[in-house]
Amino acid sequence: MSMYTLLRSSCKRPPTQEEIEESLAGNLCRCTGYRPIVDAFRVFAKSDSAVYHDDSALAAGASPVKNVSANGTGFICPSTGKPCDCGKADTEKGNEVNKNDHIHKGLTKRSDSSGELIYPPELLTRKAPALRLKGFNGMMWYRPLRLQDLLDLKFENPEAKLVVGNTEVGIETRFKNVNYPVVIAATHVPELNATTIKDDGIEIGSSVTLAKVLEVIRECVKQREPHEVSACLALMEQLKWFAGTQIRNVASVGGNICTASPISDLNPLWMAARATFTLMDHTGTLRTVQAKDFFIGYRKVAMKKTEVLTSVFLPWTRRHEYVKEFKQAHRRDDDIALVNAGMRVLLSKLHGTWMISEASLAFGGVAPVSLSAPTTETFLKGKPWNQLTLEGALIKLREEVLIADNAPGGMVEFRRSLMLSFLFKFFVHTTYKLESEANLVHDLPETYRSAAIPFQREPSRGLQYFKPVVNGTAVGLPLMHTSARLQVSGEAEYVDDLNLPPNCLHAALVLSSRPHARIISIDATEAQSIPGFEGLFTVKDVPGRNDIGAVVYDEELFVSEVVTCVGQAIGIVVATTYEAAKAASKKVKIEYEDLPPILSIQQALEANSFLPGTERLLEKGNVPECFESGICDHVIEGTVRVGGQEHFYLEPNASIVWTADGGNEVVMLSSTQAPQKHQKYVAHVLGLPMHKVVCKTKRIGGGFGGKETKSAFLAAAASVPAYLLKQPVRLVLERDVDMAITGERHAFLGKYKVGFSKEGKVLALDLKIYNNGGNSLDLSHSVLERAMFNSDNVYEIPNVRVFGRVCYTNLPSNTAFRGFGAPQAMIIAENWIERIACVVKRSPIEIREMNFQKEGCELHYGQKLELSRLDAVWDSLKMSSEYLKRFSEIDNFNSLHRWKKRGLGMIPTKFGISFTTKLLNQAGALVQVYTDGTVLVTHGGVEMGQGLHTKVAQIAATAFDIPMSSVFISETSTDKVPNASPTAASASSDMYGAAVLDACEQLKKRMEPISSKKAYSSFAELVNACYIERIDLSAHGFYITPDIGFDWQVGKGRPFNYFTFGAACAEVEVDCLTGDFYLRRADICMDLGSSLNPAIDIGQVEGAFVQGLGWVALEELKWGDPAHPWVKPGHLFTQGPGTYKLPTVNDIPVDFRVSLLEDAPNPRAIHSSKAVGEPPLFLAASAFFAIKEAISAARREVGLDKWFVLDSPATPERIRLACSDQFTKHFINEDFIPKLSI
């Protein structure tokens, strides 16, 4: 939709690649890696618009209409729906049209004689009426058409809320439960939508959208003298990073101003640029207020309740007047600021010296209101423009703008340092402007110029290298995902898209609001008064058992007495509409008696709070003896903290449950990776045998482990009212609720002691690791075990001791996430590898290569390394990534740039494939052949976008030597394939593919007596012949992973069937003054055996890498814990995309290269392939260590070359504060470690 809008928004020319990526920046889809989306849309960046316009008509089956319109061209503009000349220019120039460059022929459908799917012209010409609408609970909505009518309405309703784009009011009403009885839409008042270019500046109506403001300012920059538009340029740059295109298209300038957000990106600029605001009341009285005087308190402005902001006036800048914008956020694109600023200075030359005539400094994110710094401004006025003045201003600013230690939002040290960094950047920027415009002679080092270089990102590009190993009709071919067309067109159906059964009720959970408390009472009186309320169901209503759990029954479906985390289900409300259910759930009153909570790993360690029976130990060699023997030249000890991660699947958890046959059976449609788990939970809580409960899953919109176990209790909760009322019940979680209650990737704490030689050879590792399990076991023990297996990554260590335990805390139980504990353990390992390099003064890559595991070595859990491809992928990547050459280039870059630094990181990985719980390594499938020669396959795996069904269909097609079109996989259902293991552990293609192949081989064996008699012209003919001979054409296939098993009693065994290897090289550039970074290039080489489908596998690699990039650098969970006292205890602060930041399209590597290792068959999996889902995720750690390398370069500038701690994720806060310099030293020491929820 974003791309379609971009294409329709301008008919003059095709979009540029930059515009395409900018239009996609507001869309979140990290699991794709974005690269294929960008590549697909790049086709629209053409130089000849006629190609697009004319060919779309042909694609729709029509011919472009010629010479029928008033303009003589017959062209219908796709933007306006009216005849115009926008498609004429290229035709007149006589440009040749390359028919091979046409866009995808399936884009448009016939909608008019031209074939264009256009915006309906009648909607453009329709005259909008004034509106007066009555809403829920007496709410009134007005849409006046005249300014006077709007002013009269505001006078009559002084508390009324004005709205244009609903970008702020919508959030307040939806998520903050704010109620506005009267809302006035200011969208259709002409005076408020006008922009006027005047001799002394621009006047912008308050209802003008930010997108329109950007458009107008761009024109001004083109038409006015350069010295007049300094403020315009600053606004342009700030608007570029203001939200996303979709928001800017509807949000108004007046709405942003009057919201008076303390982190508004624009208000500090209005203040600094001498803007004025015009206010009007119902009498027509006008009042002008300076922007710097308008913001008087937290979301309070100097405007009477009966006044309306009508316009903003931005004056042109004068000669040698410079305005500059600044902003730092968690993420560059589409993110709210942590700190922003607008700065202005007017300089004049006096006796050969440039003096400061005027200065304005305004900040956001440092106080409850957008804040000026008048003391610092006064200090600057009349001073010479030099470094001495800057140093004095920095002192004044530090003293004037104070951020309290307990300020909401935290990160106070970071925010304090940013103010100084911004002022320094402004000084450098202005100095170099004066240098170019007025030949200023200054004493800034040339390396300081990097502080003033604006961020510029080239359009993304990618390369994919693979050599298909084709087997039969389908296996090995890079085929498209079988449901791709449905998904990109929006026609693919997910649970919430399905038509609801008759009389379906809607459900909402009643959740605990305390981390640890005893329930005193539950009162549903107010809830019962909500129209449509049908019932509240709690523990007393559960027909069967209330105890549930993924491995052990240590959870409750509905809390009986004591809540142990915020977000625990106390009950479920059902009503005739979702709105009623949600409203009723919030009306249930619960009285608590608070109990002391444990909210972090550190608190759990201090309180000795662990989940019972989770202690584990793995040993190899003799660690104590090694340390005591003195053979270690060096011994280091340290702690590594690794943050968690939210799954953020695009489809939230959803289930529809109903009864059948008079309530004797239960059926559910669920978004789950484990339908069998849903079946089991529901049967358990309803007291039914499993054969009377069926769970079906068509496809799910992402899972990443988050829907392996945590989705099951939601289906069970919905099943209780469905079973008791004998009515269907729909339960779909909203995003904020899903994030808050369903668990995350485990945070880890690792304590290591490593002994090594003076050359860097590792001799001993003593490691203690703890993960934050939350308030129940779930899969935390298995996650811990996987982490312990992976604690060596790829390094051979003669003496190893790994001890682990699962911490019990009063947070929602954490669960499976792509990698399942392995990435956390491996990043701990890479930390001590890097530290060894620091100690022995060698490069990390040398230390890695020196300690690589070799073929046949015994790992610390007893398994021997067989068919290792580690050296092959490493050497291949090292050569293809030009590592040594780029390392030298980066050294040179860093020597020339003081405030921008680059780093290069190269990381290997080894990931064992199998469930570490042996019983899960089994799979079943049902293959049915029909007399027309088509094949229906059903297996126990779930399609969640990863291409499992596509690969399985390829296996079946090759087995029968038939085309892919003859194979179909409809859904996963517990009544077709019983007792299926979850779709997890990266093993589904291996297991379910093998089970399908087993069934196919059975069928082929049955058909062989018939096929051997004669040559049949087609598979369909053969099938019919078999049918006539009464041969069974349905087969159940089964597969178990062979030769695996592990005994924790002795700590030895073979937990994995084989290993997938990979390596990645990443190059980053860091802004040392703000902590901002971008990924310049990433090269990946993966060992995937003989890939079943290289196209899908490369997509998985790219998606895993970008998801991993979020984990190591962007996505930070913040809980109400000792590290974040400004958050309510036990509550998740980062409870939606507004505060939790996923990578966007502009966070992926600018240059993204993926290759699959050639000629590396794997004899231990189907068709010599290897698993791909989880192994590549950890390779994003290459970006993390590249960032750390860049920080090291910055620290060396101030004489700091010793080891320093950088926790994961490496957010801008952690990067900036690690780049210790003259600005940070006033707030922190060089070893400061920012707070982290673990």
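Pro-1209 sits in the loop between α34 (1181-1196) and α35 (1212-1218), with helices (H or I, at least four residues) and strands (E, at least two) taken as DSSP runs numbered from the N terminus. A cis peptide bond, with omega at about 10°, links Ser-1208 to this proline, Pro-1209. Please keep in mind that this is a predicted model, in which local features need pLDDT of at least 70 and side-chain atom pairs count only at pLDDT 80 or more, while totals for chains, interfaces and linings use all residues. Residues are numbered from 1 along each chain as its sequence is written, and side-chain values use heavy atoms, with hydrogens and water left out.

- Helix α15 (residues 387-400) packs on helix α16 (residues 412-438) at an angle of about 155°, and their axes are 10 Å apart; axes are lines fitted to C-alpha atoms, for helices over the stretch in contact, and angles run from 0 to 180 degrees between N-to-C directions.
- The two helices, α15 and α16, are therefore roughly antiparallel (angles under 35 degrees count as roughly parallel, over 145 as roughly antiparallel, 65 to 115 as roughly perpendicular and the rest as oblique).
- On the α15 side, Gln-387, Leu-390, Ala-393, Leu-394, Leu-397 and Arg-398 meet Met-419, Leu-420, Leu-423, Phe-424 and Phe-427 of α16, where contact means heavy atoms within 4.5 Å.
- Sorted by class, the residues of this contact of α15 with α16 are nine nonpolar, one polar and one charged (Ala, Val, Leu, Ile, Met, Phe, Trp, Tyr, Cys and Pro count as nonpolar, Asp, Glu, Lys and Arg as charged, and the others, Gly among them, as polar).
- Met-411 belongs to the loop between α15 and α16, and its phi is near 50°, a positive value in a residue other than glycine.
- With 11% relative accessibility, Met-411 counts as buried (buried means under 20% relative accessible area, exposed over 50%, partly exposed in between, with a 1.4 Å probe and protein chains only).

**Helices α22 and α23**

- Helix α22 (residues 675-686) and helix α23 (residues 712-725) pack with their axes 8 Å apart, at an angle of about 40°.
- That angle makes α22 oblique to α23.
- Residues of α22 in the contact include Tyr-681, Val-682 and Val-685, and among those they meet in α23 are Ala-715, Ala-716 and Val-720.
- The contact of α22 with α23 has 10 nonpolar, two polar and one charged residues.

**A three-stranded sheet**

- Three strands form an open sheet in the order β22-β18-β24, with antiparallel pairing; strands pair if DSSP finds at least two bridges between them.
- The edges are β22 (562-563) and β24 (589-594), each with a single partner strand, so one side of each has no neighbour in the sheet.
- Strand β18 (residues 517-523) pairs with β24 in the antiparallel sense over six bridges, and Asp-523 stands opposite Lys-589 in β24.

- Asp-1043, in the loop between β39 (1034-1040) and β40 (1045-1047), has a positive phi of about 60° although it is not a glycine.
- Asp-1043 is exposed, at a relative accessible area of 58%.
- Ala-1082, in strand β43 (residues 1077-1087), is buried with a relative accessible area of 0%.
- Ala-1082 and Ala-1066 are 16 residues apart in sequence, and their C-alpha atoms are 4.3 Å apart in space.
- Leaving aside neighbours within four places in sequence, Ala-1082 has contacts including Cys-1065, Phe-1105, Pro-1149 and Phe-1152.
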